[in-house]
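Dear colleague,

I am handing over the structure below, and after it you will find notes on what came out of looking through it. Please read them with the model open beside you.

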Amino acid sequence: MAATALEQRSIDPVPASERHGHPRSLFTLWFAANMQITSAVTGALTVLVGVHPLWAIVAVVAGNALGGIPMALHAAQGPKLGIPQMIQSRAQFGVYGAVLPLVLVVVMYLGYFASGNVLGGQAVAQITHLPTDVSICLYAALSALIAIIGYKLIHRFGWIASALSVIVFVYLSIRLVGGHDLGAVLAMPTLDFPKFLLALSLTASWQLTFGQYVADTSRYLPSTTSVRATFWWTYGGTVLGAIWAMSFGALAYAVAGKAFKGHEVAYVVGLGGEALLIPLLLAIALGKFTVNVLNIYGGYMTVATTLTAFSRRAALSQGARIAYIAIVGVLGAVIAVLGRGEFLGNFVLFLDFLLYFLTPWSSINLVDFYLVRKETYDLEAVYDPNGRYGRWSAPALIAYVIGIAVQIPFSNVEGIFVGPMAPVLGGADISWLLGLIVPGALYFAVMRRRTRVALPVP
């Protein structure tokens, strides 16, 4: 099937006859998804919160290396099951119970899609001289169009964007390093450990929040694809791309400060000089497209998964599929237009919010797949509220709520909420570590005592 042919699958399993490809395509896709302007903005946040630039880069490397592990473990679920990531959540939470994390994941998709529209729209506005709000809407519409065409074009575009990103960021990195005295910027690296942990949390959350849709991009691979191959190709692409782009953003903010904040795209393309203004703007707009399309692509499947839990539908018509994508696209464009004024500050709060609610889901999902059911699932039952997985799963839902609650005392969202344990730790936010460890451990302790959790697929 040609890359421009409309994808036929939605939330239904991909049959063996339609499986194709090699896991190395995941490297280019996730490298491109990370090597873009939003990653650079996230890197800038590590300096914005008060971390010395040198320690900010250390936080970037460590955060992505740690957060990339569960992210890539989720990717390995795709070839084995051939279904979207969040459909598989029904096996842990129940067909109806999975709606709780699903709603939060929809919020995640909308937030990331909106943030991508803001930055991509800035680039389009500078190229076309159209009003920024109009440019944001155009950018959202083009992202939706690629998502409608679907899986093959997304992967093909990822390869092109990956190659383009390398060229652009190599050039911009040389300009940044050569045009500024980075020795002075990196001198006297004083470590503020609580703020370092905050920066570590920000960068780890970037990778952790990919977990909700990374299997969507690997589910067409043959079921014989090894877990090891899927893991390492995904891990390599997502971690290398993010470390490069975030380190660039941290250094850019360190040398530019207010010139970068609120004018991220203008500052980055300004590094290339007037002669390359338009080519760099195009490169940034196209580079941002990969992850923007992934957000709307995963977003529509998550909305569909939520609603079909009650209708028991296992597939969408082509018309319904396009309608879901259009709905997500419109909502993402509206949020982007309304929220673009204080983008950096809002983005910090958004990342913090996601980390508290989505890390426990990731923990339970991975424990269930690798330790409890050991990759064995009844795919028909995930679409049937009366099937093996039922409507609600008390062990998963209780572990999930406890996983959120245990984080609250250790949370530190500046200006919004500070838990009682955060000041004891000097303001450090370690809540995400508890959210990753506690719910998975509780879920495993309960589920390992059940006798029917590892039945083979009929």
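This is a predicted model, in which local features need pLDDT of at least 70 and side-chain atom pairs count only at pLDDT 80 or more, while totals for chains, interfaces and linings use all residues. Residues are numbered from 1 along each chain as its sequence is written, and side-chain values use heavy atoms, with hydrogens and water left out.

I begin with the charged pairs. Glu7 and Arg219 are both buried, where buried means under 20% relative accessible area, exposed over 50% and partly exposed in between, with a 1.4 Å probe and protein chains only. The two form a salt bridge with their closest N and O atoms 3.1 Å apart, the term standing for a side-chain nitrogen of Lys or Arg within 4 Å of a carboxyl oxygen of Asp or Glu. Glu7 sits in the segment before α1 (24–34), whereas Arg219 belongs to the loop between α11 (193–208) and α12 (227–256), 212 residues apart; helices here are DSSP runs (H or I, at least four residues; strands are E, at least two), numbered from the N terminus.

Glu7 also meets Arg321 in a salt bridge, at 3.5 Å from N to O. Because Arg321 lies in helix α15 (residues 318–339) and Glu7 in the segment before α1, this pair ties together parts that are 314 residues apart in sequence. The relative accessible area of Arg321 is 1%, so Arg321 is buried. Through shared partners, salt bridges join Glu7, Arg219 and Arg321 into one network. The structure holds 3 salt bridges, one of which is between Asp368 and Arg373 (2.9 Å, N to O), and both of these residues are buried as well.

Turning to the nonpolar side, a nonpolar core is taken as a set of buried Ala, Val, Leu, Ile, Met, Phe, Trp, Tyr and Cys residues joined through side-chain atoms within 4.5 Å. The largest such core has 114 residues, and those touching the most other members are Trp30, Phe93, Met108, Tyr213, Phe248, Tyr300 and Tyr443. Helix α14 (residues 277–311) supplies the largest share of this core, 15 residues. Leaving aside residues up to four places away in sequence, Trp30 touches, among others, Met71, Phe210, Tyr213 and Leu294, contact meaning heavy atoms within 4.5 Å. A second, separate core of 13 residues includes Leu45, Val49, Leu198 and Ala199.

With best wishes
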